[in-house]
Amino acid sequence: MRKVPVGAVYLAGLAPLGWIVWLVVSGGIGVDPVKEIEHRLGKIALWFLFGGLAITPLRRFLRIDLLRYRRAVGLVAFFYVGLHVLVWLVLDMGMLWAQALGDLVRRPYLILGVAALLLLLPLALTSNTASIRRLGRNWRRLHLLVYPAVALAVVHYLWQMKVVQPQGWLWLAGFGVLMALRAVPRRR
Amino acid sequence: AARIAATPSPYSTDAAPNTLEEITSYNNFYEFGWNKGDPKANAGRLTIDPWSVEIGGLVERPGSYPLDDVLRAAPAEERIYRFRCVEAWSMVIPWIGFPLSALLDRAGVQPGAKYVAFQTLYRPAEMNNQTALSGIDWPYVEGLRIDEAMHPLTILASGLYGDPLPRQNGAPLRLVVPWKYGFKSIKSIVKITLTEAPPPTTWQRLQPQEYGFYANVNPQVDHPRWSQATERRIGGGLFAFANRQPTQMFNGYGEEVAALYAGMDLRKFY
């Protein structure tokens, strides 16, 4: 496991994007490509965010140590969050800035999504060795923001559904499990 | 199946219809699943022959009407209608149908009838998402005020592009009310009941603060979670943003239907 270079994670992280591009090129994306791309990007971002949150419990409870890949997983997640928002603004809203902005301030699920993006932004910007050195212990504190960010992202995902589907509840439960595992007291 | 002979209608829009592929592979028909592609994938096993519609309540001639009898209520017309989903996308669809009023007249509406209730088939063995887990109280139900039901724009559709309606679009018989959001246009109808009191509707029951009984297309009254000011016309491909267009009041049918709502506060009666 340790032999897999970190670069491979970045490369693997591009695979879902490649799949979307393939679907668009081959016509498999369906008759509403914009919504499909937008939703797929958001869902992929969630997978990587959850992946990032899974690394600590994997190490603690299953002794699988993927810690050296966590930065890559987080950055890939942020990459998909960014693409998701970009597709919403450009392809979906058609750069109707006024309506996009109006929707943003009036619609709670959009606010939550953008809030998640804003919380993740400083984390992505400080996901480098120089920042870890410079920020010292504050780096750890800053990166606790990932918890509210993912919580917001999950609620954003559930809230945009017309009616919450079983799949939505599974994501919420999954997030609950990832959080609960952190609350398990350590044996002395 | 044989193509349906239908006459053109002055109510048709001259906008270019969406392709058959688009209309039949992008559907909200939650009985068959949550995703737009699910109905096409899962509706194939639905038995639509034999089919009958039970007409009851405040009518002179209640009973179970076989489908071919229902279809004889009036000559088939082609109605090319704009279709606006509450999710802010839209299509143009060449339905084959006839005015609902013709069927109601045949059943004989009693003077006390003020509303029409509709019900979709409930058959979990063939409709895979009709489970308790779905969170929806099946069967799907909808309703119209009697004047809305009798309006000439309101049709029962049994065909699409000249052929019998595909299952994912609500075969063999569905409602089409073009000035209302798509969820009012209930699919695969098995029951029509004339009532005095407003009937329950599925979406209103699920989210009363978001979906009203009327559900008229209205760019000025937003859905609580998204704007209804514009819509994306399906079929623009990747560059659908070029197809985002302003939503019209009553989906562009205001000239015909605005009078039905004279004096009503459409913010209150959404």
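This is a predicted model: local features need pLDDT of at least 70, side-chain atom pairs count only at pLDDT 80 or more; totals for chains, interfaces and linings use all residues.
1. **Positive patch, chain A.** Four arginines form a positive surface patch: Arg59(A), Arg70(A), Arg140(A) and Arg186(A). Arg186(A) sits in the segment that comes after α9 (166-183) of chain A. Its relative accessible area is 61%. Arg186(A) is therefore exposed, since the cut-off is over 50%.

2. **Nonpolar patch, chain A.** Trp19(A), Val21(A), Trp22(A) and Val25(A) make a nonpolar surface patch of about 460 Å². Val25(A) belongs to helix α1 (residues 6-26) of chain A. With 63% relative accessibility, Val25(A) counts as exposed.

3. **Helix α4, chain B.** This helix spans residues 100-107 and is mostly covered, with 6 of its 8 residues buried. The buried residues are Leu100(B), Ser101(B), Ala102(B), Leu103(B), Leu104(B) and Ala107(B). Gly108(B) follows α4(B) and has a positive phi, near 80°.

4. **Strand β7, chain B.** In β7 (residues 141-145), 5 of the 5 residues are buried, so the strand is largely enclosed by the rest of the structure. Both faces are covered. Val141(B), Gly143(B) and Arg145(B) lie on one side, and Glu142(B) and Leu144(B) on the other. Note that the buried set includes Arg145(B) and Glu142(B).

5. **Pairing of β6 and β7.** Strand β6 (residues 115-120) of chain B pairs with β7(B) in the antiparallel sense. The pairing runs over 5 bridges. Phe118(B) stands opposite Glu142(B) of β7(B).

6. **Cis peptide bonds, chain B.** One joins Asp49(B) and Pro50(B), with omega about 5°. Pro50(B) is in the loop between α2 (38-42) and β2 (52-57) of chain B. Another cis bond runs from Trp138(B) to Pro139(B), with omega near -5°. Pro139(B) lies in the loop between β6 and β7 of chain B.

7. Most residues other than glycine have a negative phi. Arg63(A) has a positive value, near 55°. Arg63(A) lies in the loop between α2 (33-62) and α3 (70-92) of chain A. It counts as exposed, at 71% relative accessibility. Tyr161(B) also has a positive phi, of about 50°, although it is not a glycine. Its place is the loop between β8 (155-160) and β9 (163-164) of chain B. Tyr161(B) counts as partly exposed, at 29% relative accessibility.

Key: Residues are numbered from 1 along each chain as its sequence is written. Chains are lettered from A and ligands numbered from 1 in the order in which they are written. Side-chain values use heavy atoms; hydrogens and water are left out. Patches are made of residues with over 30% relative accessible area and no salt bridge: like charges are joined within 9 Å, nonpolar side chains (Val, Leu, Ile, Met, Phe, Trp, Tyr) within 5 Å. Accessible areas come from the Shrake-Rupley method with a 1.4 Å probe; for residues, only the protein chains shown count as cover. A salt bridge is a side-chain nitrogen of Lys or Arg within 4 Å of a carboxyl oxygen of Asp or Glu. Lys and Arg count as positive and Asp and Glu as negative; His and the chain ends are not counted. The place of a charge is taken as NZ of Lys, CZ of Arg, CG of Asp or CD of Glu. Helices (H or I, at least four residues) and strands (E, at least two) are DSSP runs, numbered from the N terminus. Buried means under 20% relative accessible area, exposed over 50%, partly exposed in between (1.4 Å probe, protein chains only). Two strands pair if DSSP finds at least two bridges between them.
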